[in-house]
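User: I'm new to this protein and would like to learn how to read its pockets, cavities and helix packing. Could you walk me through it?

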Amino acid sequence: MHAEVILFAHHVENLTGETTGPPANAVAIADGRIISVGDASSLAPLRGPGTAVHEFPGAAILPGLTDIHAHPVWGSIEIGRGVDLSGASTLAQVCARLTEAADARPADEWITGYDLDVNVFDGDPAGSVFAECLPGRPVSLMTRDAHALVVSPRAVELAGLTGRETFTDASSVEVGPDGRPTGYVVELQAMDLVFAHYPEVPVDTAAAYVRHQLEQLARGGLTGLHALDFADPSEAVYRRIEEHGDLPLRIRCSPLVPADSSPEVWQEIAGLQGRRGRRWHVEGAKFMLDGTADNGTAWFETPDTHGENRRPLWRDLDAYRAAMRFFTDRSIPTATHAIGDRAVRFALRVIEEAGRTARAPHRIEHIESLPDDLLGRFAELDVVASLQPVHGTRHTRADGTDNWSRRIGPDRAAHGWRTRDLLDHGAVVALGSDWPIGPGDPRIGLADCQLRRPVEEPRVAPVQPEQAVSAREAYAGMTAAAAYAAGASDELGRIAPGCLADLTVFAANPLGLAPEAQPGNAVLATVVGGAVRLHPNTAKGRS
């Protein structure tokens, strides 16, 4: 049997720690899978007249990186149509960016934005300022955690918000002392009232946005991601992209189970399992047990400094317990968003009651503040700790002056994003970005994990530096751990015969680089199912 593709590099890096024989520098691929790992002499018999050979001198071949938690469709659409507010640290800067965007658009067109830092407000966020810089304009800005909007008075009017709305989850339309909406719209059900008035994005346009962003993510080294959603227009977008080619990476979609939803809704989500295209499929279900600490909607053992962060998003906890049992009984793995300590504790208890599925382990997402007594429970119950440490490095400050730290207090802030402690207690720690909420380039996030600060800001103090991990541990979090979380350790996250040929080729082995050098470590190629994608200006393949 001849290989269809052979990759040559300086080194093949297997992050699982398993020994596959002598040091290797080449990988042979056929039918989308790895058929041999070795050196030039051992792979020579597999080279035939039709074999495509790609040589990467000095490079390292790693298992393909998988982002364990991302939102590729709505994230791409928000970026495609919205104003980027990242780095805007004052209201004046926010208004300047909005005004520049508005000047190029019709006077009555919505202006949307993303990555709004709530720390720009002096107190609770409010949209009145946008009536001053953009009078009469509907403005809707998504906060950095994507769990709230700050909207202008005109947007409040168009959406018909009154502040008297009621919701089945922890959503709210905040009001001021006068009883009128302030423009601060919290959590998903309330946000949907505003989204309903956004101009519709055609499927072709949405597909172009998504494909562009996926290509950017692939250039950073990703070969896969877990989409923790599957709302419209996800399926239509994926199918439209695949009408004209392949997705740049694999996507595993887990639909959201709405808080306090009915068994009829659960059955609909169960019916989506297995739906697929060439490089995307539906597997798993996502719960949001609580919200976010910044909004006061996370669920902690005791209230925060505002008297909030003390209730779950699921009002009926028995319903959450029943939903977990429903999906587990059908061997559908779950991922529970749980940020507050009490939410994590309750999720672990319910998972213990429900048991593991045969297909893949259950997961808990985010785990922003974790008490000591829960550290060992993840390994004990075989629950994957799915963390996004970039939230800690980029949304909080070591001096505790950020909104998150001020709200929950120094004791709980000191227990944030405990990657080191969880690993030391035997947990499987899978890493993601929550893109577009965190940076999508995995090299940035993985460097942050090692430094506990933004990699590009050497003067910034690290956040809980004792929670730093090694380069090997960080990259394993997006390879072997990600595969385990998907119940795919026999196919992904390793470089071994029989595994899917999903690989990332770096100019240098990141395990031998300082964290500060890793974001600049060129990705020469990504390989998905044996299909090699050379990245422009960084690689020259030879066939």
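Analyst: Happy to! Let's begin with the lining of the second largest pocket, which has 18 nonpolar, 14 polar and twelve charged residues. Here Ala, Val, Leu, Ile, Met, Phe, Trp, Tyr, Cys and Pro count as nonpolar, Asp, Glu, Lys and Arg as charged, and the others, Gly among them, as polar. Keep in mind that this is a predicted model, where local features need pLDDT of at least 70 and side-chain atom pairs count only at pLDDT 80 or more, while totals for chains, interfaces and linings use all residues. Residues are numbered from 1 along each chain as its sequence is written, and side-chain values use heavy atoms, leaving out hydrogens and water.

User: Which residues lie nearest the centre of the largest pocket?

Analyst: They are Trp74, Asp192, Phe195, Ala231 and Asp232, out of 45 lining residues. The largest pocket has a volume of about 1300 Å³. At least two lining residues come from each of α2 (72–81), α6 (188–195), β16 (256–257), α9 (263–272) and β18 (285–288). By class, the lining of the largest pocket has 27 nonpolar, seven polar and eleven charged residues.

User: How many cavities of 30 Å³ or more does the structure hold?

Analyst: There are five. The largest cavity has a volume of about 150 Å³. It is lined by 16 residues, and Asp145, Asp294, Glu368, His391 and His395 are the closest to its centre. Its lining has five nonpolar, seven polar and four charged residues.
The second largest cavity has a volume of about 80 Å³. Its lining includes Trp74, Tyr114, Arg144, Ala146 and Pro436. α2 supplies the largest share of that lining, four residues, while α2, β9 and β10 (139–143) each supply at least two.

User: Which backbone features are worth a look around these spots?

Analyst: Most residues other than glycine have a negative phi, and most peptide bonds are trans. Alanine 146 has a positive phi, near 65°, and sits in the loop between β10 and β11 (148–151). The peptide bond from tryptophan 435 to proline 436 is cis, with omega near 15°; proline 436 belongs to the loop between β22 (429–431) and α17 (442–451). Another cis bond runs from aspartate 232 to proline 233, with omega near 10°. Proline 233 is in the loop between β14 (222–227) and α8 (234–243).

User: At what angle do α9 and α10 pack?

Analyst: Axes are lines fitted to C-alpha atoms, for helices over the stretch in contact, with angles running from 0 to 180 degrees between N-to-C directions. α9 and α10 (residues 317–329) pack at about 30°, their axes 11 Å apart. Angles under 35 degrees count as roughly parallel, over 145 as roughly antiparallel, 65 to 115 as roughly perpendicular and the rest as oblique. α9 and α10 are therefore roughly parallel to each other. Their contact (heavy atoms within 4.5 Å) joins Trp266, Gln267, Ile269 and Ala270 of α9 with Ala319, Ala322, Ala323, Phe326 and Phe327 of α10. By class, this contact has eight nonpolar, one polar and no charged residues.

User: What about α10 and α11?

Analyst: α10 packs with α11 (residues 341–354) at about 40°, with axes 9 Å apart. The two helices are therefore oblique to each other. Residues meeting there include Leu317, Tyr320 and Met324 in α10 and Phe346, Val350 and Ile351 in α11. This contact has eight nonpolar, one polar and three charged residues.

How values were computed: On a 1 Å grid over the protein atoms alone, a cavity is a set of points where a 1.4 Å probe fits but cannot get out, and a pocket is an open set with protein on both sides within 12 Å along at least five of seven lines; lining residues have an atom within 4 Å of a point. Grid points are joined across faces, edges and corners, and a volume is the space filled by probe spheres set on the points.
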